[in-house]
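Subject: Structure handover

Hello,

Here is the structure I said I would pass on. Please open it beside this email, and read the notes below with it in view.

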Amino acid sequence: MDVVINPFRLCSGLKVLGYFMIFLVLSIIALSYYAVVILTWAPHLLRGGFNSFFSFFIVILFHYLLILLTWSYMMVVFRDPGSVPDNWQLVSEEDLEEGNPTSISHNLGPQTSASALSDGTEIRPAIRYCSQCQNGKPPRCHHCSICQRCVLKMDHHCIWVVNCVGARNHKFFLLFVFYTFLETTLNTVVLLPSFVNFFEQTKKHSLSPGNLAVTFLAFVLNLAFALSLLCFVIMHTSLLLSNTTSVEVYEKKKAVHWKYDLGRKRNFEQVFGTKKMFWFFPLFSEEDLKNIPALHGLDFPIHSDTDTFFFKKNWAWWRSLLYFLR
């Protein structure tokens, strides 16, 4: 009897590595806390004067960023990125050609509201099918070989959070990356004097070898993470402002005009919502969840054919004018 081995099933074993990554993140946080707060700045709090005030500011800022970082991290780990509803079925070609509204509304799932149709949002029925999940695939949905399921508006699978980044936790992931970058940058700056005096303190034996090792290791780790996260912040900011996911980059390159690009402000609101008071917290307002279908990951506003034609027509006109003026 022939044994059929599905290599994609083996990818689910990477979840074990993800649990180790969670332990690693918590270990780095504990190491940084001990080095920055306990060893470096807490002893200055009782000395009085400007040093005491500055130390108090550093400790408060460290804890504030740590709370936001941990909060965002937990939301990414435990929040479902978005799954395809069970009632999402593949629409037949006959239904697409005839524009059967009954079949289309049936395939939109429970998250689609009437406001999504009245504000210019174009609803596109599922015309793709996932052979692994045996279900239809909404727009921007992709199958994750590690999670063994389709994820709505999938960006990527992150082993650091043992979860996929999708429509319903994308904001939390971006906040986690942003606050981790700020925290590691802060730790690097405030530990820099101790790192510079590392060898001098070693000769004078002013600190125990264990404390010296903790300070040195914490500085090196935070510096490495700060530099690497800077690249991630720049990359994901660029993707956010163009309303593109990591898996859509290649598809976007082939398009003349990316259909999901609504302008930087609206692109940002498709992930973070419209309420400014919630932008910097891993939360959404009830109003945004009700009025922005993209936050649920089933349907998305796109440029209409008229907008695309207007863009192409005016671009040709401006190009002709510039050619004439040369």
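A helix here is a DSSP run of H or I with at least four residues, and helices are numbered from the N terminus. The model is a predicted one.

**Thr215**

Is Thr215 buried or exposed? Its relative accessible area is 7%, so Thr215 counts as buried. Apart from neighbours within four places in sequence, Thr215 has contacts with Ala35, Leu39, Leu191 and Ser194.

**Helices α3 and α7**

Helix α3 covers residues 49–78. Its axis lies 8 Å from that of α7, and the two helices pack at an angle of about 150 degrees. Because of this angle, α3 is roughly antiparallel to α7, the cut-off for that term being over 145 degrees. The crossing of the two helices is left-handed.

Which residues of α3 and α7 meet? On the α3 side they include Ile58, Leu61, Phe62, Leu65 and Leu69. On the α7 side, Phe172, Phe176, Tyr179, Glu183 and Val190 are among them. The residues of this contact divide into 18 nonpolar, 3 polar and 1 charged.

**Helix α11**

Helix α11 runs over residues 264–272. Which of its residues are buried? They are Asn267, Glu269, Gln270, Val271 and Phe272. Helices α7 (170–196) and α9 (209–241) are among the elements that cover these buried residues. Just after α11 comes Gly273, with a positive phi of about 85 degrees.

**Cysteines**

A disulfide is a covalent bond between the sulfur atoms of two cysteines. How many disulfides does a search of the whole structure find? The search finds 0. Cys133 is in no disulfide, and the nearest cysteine sulfur to it, that of Cys150, is 3.6 Å away. To count as a disulfide, the two sulfur atoms must be within 2.5 Å. For Cys141, the closest cysteine sulfur is also in Cys150, at 4.4 Å, which is too far for a bond.

Cys133 and Cys141 can also be looked up by accessibility. Cys133 has 29% relative accessibility, so it counts as partly exposed. Cys141 has 0%, so it counts as buried.

Regards

Terms used. Residues numbered from 1 in each chain as written. Predicted model: local features only at pLDDT ≥ 70, side-chain atom pairs only at ≥ 80, totals over all residues. Heavy atoms only, no water. Buried < 20%, exposed > 50% of the residue type's maximum accessible area, 1.4 Å probe, protein only. Contact = heavy atoms within 4.5 Å. Axes fitted to C-alpha atoms, helices over the stretch in contact; angles between N-to-C directions. Parallel < 35°, antiparallel > 145°, perpendicular 65-115°, else oblique. Left-handed = near helix turned anticlockwise from the far one by under 90°. Nonpolar A, V, L, I, M, F, W, Y, C, P; charged D, E, K, R; others polar.
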